[in-house]
Amino acid sequence: MRNIMTIAWNMAKRTIGSRSGLLIYIILPCIVVSVIITTTGSSGEEPAIVLYTNLDSGAGGRHVIAELAATGDYKLVQTSGEAELKAKITDQKGTAGVFIPPGYTEDLLAGKKPQISFYELKISETSIMLQRKSGEIAGRMGHTAEAVRTASAAGGNTESKFSAVLQQAEQHKVGSKRTDYNLYPRAEQTSVTGFTLLFLMGLVTSSVSIIVKDRRDRTMMRMFSAPVHAYEIAIGNFLGSFLVGLIQIITLLTLTRGILGYDFGVPLYLYFLVLAAFMLVSMGIASTITGLVRNQNNTGMLNALILTPTCMLGGCFWPISIMPDYMQKIANFVPQKWAMQAVDVAATGGGWSELWLPFAILGLMAAILLAIGSATLRPNEAGSGA
């Protein structure tokens, strides 16, 4: 155990013990992730812009707009007509649009079910919740209109009574407060997680370079000639790189959550577990590559052949759903996809009944890759150029 810890500590010092190592593996990831958070917005406090056109002259249309405004979730911008509404949605001047047709109140009081139209360029949490909220408002008005019609059967102005009831309802003497619907993970959250995984994968290049250099310089052979077993060398190198990864993760989480106050949308411990599980797989990849690469000159190709392509396939830079079907199937074999999926599931309210699959796959990948790496390390052999 002592030999393993000595090798691990030496690996960690060689990785981040220098100024360049500290800059590349600790400071640079913190800077990039901080820039993403500050430029994209950390929590989405700004209300979504919703365009609306109300052609109804009665109390019903006015009530719908008043209730939507009362939620505080939307910045309502009025348009003059349906054509302008559609044009502005197409030009992305708003997230979604609401169109209330003429005669909406009259149809409600006549016992009909008039429809409010919605316009959007793409499905989003805002558009879904806008339709849901508007549907609830319309449903309540329908029941109110029916009650007013029944009460006015003996006589009286139905529309004035309907308007009076809606005005009372708008006072919201009893109501509820929305906290978080958690229907979709935030866009900046995906970017933050994706770049964090990219930087964690960068440790693979460092680990492979150090181990291949030790093999070339016969440092590993001298360790093996001492009373040190091959598995101790393999585990020590693995633990050293994993320790650096944990330091990088803790530093990032401390900065983003503790200093910047960024809310990942998932429990912090769960986010840490996802990154730690991914780090295990990354070290497994490093172990496997180290066993196969004998020439240090070939380590420079890792970024182009393995790290960047797998991050692309795994959804670190863009959603996997936009890729062709065959690439989506290939993505199942890269760990980034399962780490991103675990974060997305947790961000949308999923529990361990759904999270066990990505964690199990990450664990299986790590076990297989570490076994292959340990078997192919062969510390008694010198590398190319030794």
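This report describes the sheet, helices, nonpolar cores and aromatic pairs of a predicted model.

## Basis of the values

In this predicted model, local features need pLDDT of at least 70 and side-chain atom pairs count only at pLDDT 80 or more, while totals for chains, interfaces and linings use all residues. Residues are numbered from 1 along each chain as its sequence is written, and side-chain values use heavy atoms, with hydrogens and water left out.

## The sheet

Four strands make up an open sheet with mixed pairing, in the order 2-1-3-4. Strands (E, at least two residues) and helices (H or I, at least four) are DSSP runs numbered from the N terminus, and two strands pair if DSSP finds at least two bridges between them. Strand 2 (74-78) and strand 4 (117-119) are at the edges with a single partner strand each, so one side of each has no neighbour in the sheet. From one strand to the next the twist averages 25°.

Strand 1 (residues 48-54) pairs with strand 3 (residues 96-100) in the parallel sense over five bridges. Across this pairing, Tyr 52 stands opposite Val 98 and Thr 53 stands opposite Phe 99. Strand 3 also pairs with strand 4, in the antiparallel sense and over three bridges; there, Ser 117 is the bridge partner of Phe 99.

Buried means under 20% relative accessible area, exposed over 50%, and partly exposed in between (1.4 Å probe, protein chains only). On one side of strand 3 the buried residues are Ala 96, Val 98 and Ile 100, and on the other Gly 97 and Phe 99.

Helix 3 (residues 59-71) lies across strand 1, strand 2 and strand 3 and runs at about 145° to strand 2. For such angles, axes are lines fitted to C-alpha atoms, for helices over the stretch in contact (heavy atoms within 4.5 Å), and the angles run from 0 to 180 degrees between N-to-C directions. Helix 6 (residues 125-151) has 27 residues and reaches 39 Å from its first C-alpha to its last, close to the 39 Å expected at 1.5 Å a residue; the expected span is 1.5 Å times one less than the number of residues. Among the buried residues of helix 6 are Met 129, Leu 130, Ile 137, Met 141 and Val 148.

## Nonpolar cores

A nonpolar core is a set of buried Ala, Val, Leu, Ile, Met, Phe, Trp, Tyr and Cys residues joined through side-chain atoms within 4.5 Å. The largest has 55 residues, of which Val 192, Leu 197, Val 204, Phe 264, Tyr 271 and Leu 355 touch the most other members. Helices that each supply at least two residues of this core include helix 8 (187-216), helix 10 (230-259), helix 11 (268-292) and helix 15 (352-376). Helix 11 gives the largest share, 13 residues. Apart from this core lies another, of 22 residues, including Val 50, Tyr 52, Met 141 and Phe 162.

## Aromatic pairs

Rings of Phe, Tyr and Trp (its six-membered ring) pair if their centres lie within 6.5 Å; planes under 30 degrees apart count as stacked, over 60 as edge-to-face and the rest as tilted. The count comes to three aromatic pairs. Phe 195 and Phe 317 form a tilted pair, 6.0 Å centre to centre with 55° between the planes. This pair links distant parts of the chain, 122 residues apart: Phe 195 is in helix 8 and Phe 317 in the loop between helix 12 and helix 13 (325-330).

The rings of Phe 317 and Trp 318 have centres 6.1 Å apart and planes at 65°, so they form an edge-to-face pair. Phe 195, Phe 317 and Trp 318 form one aromatic cluster. Phe 195 is partly exposed at 28% relative accessible area, as are Phe 317 at 33% and Trp 318 at 34%.
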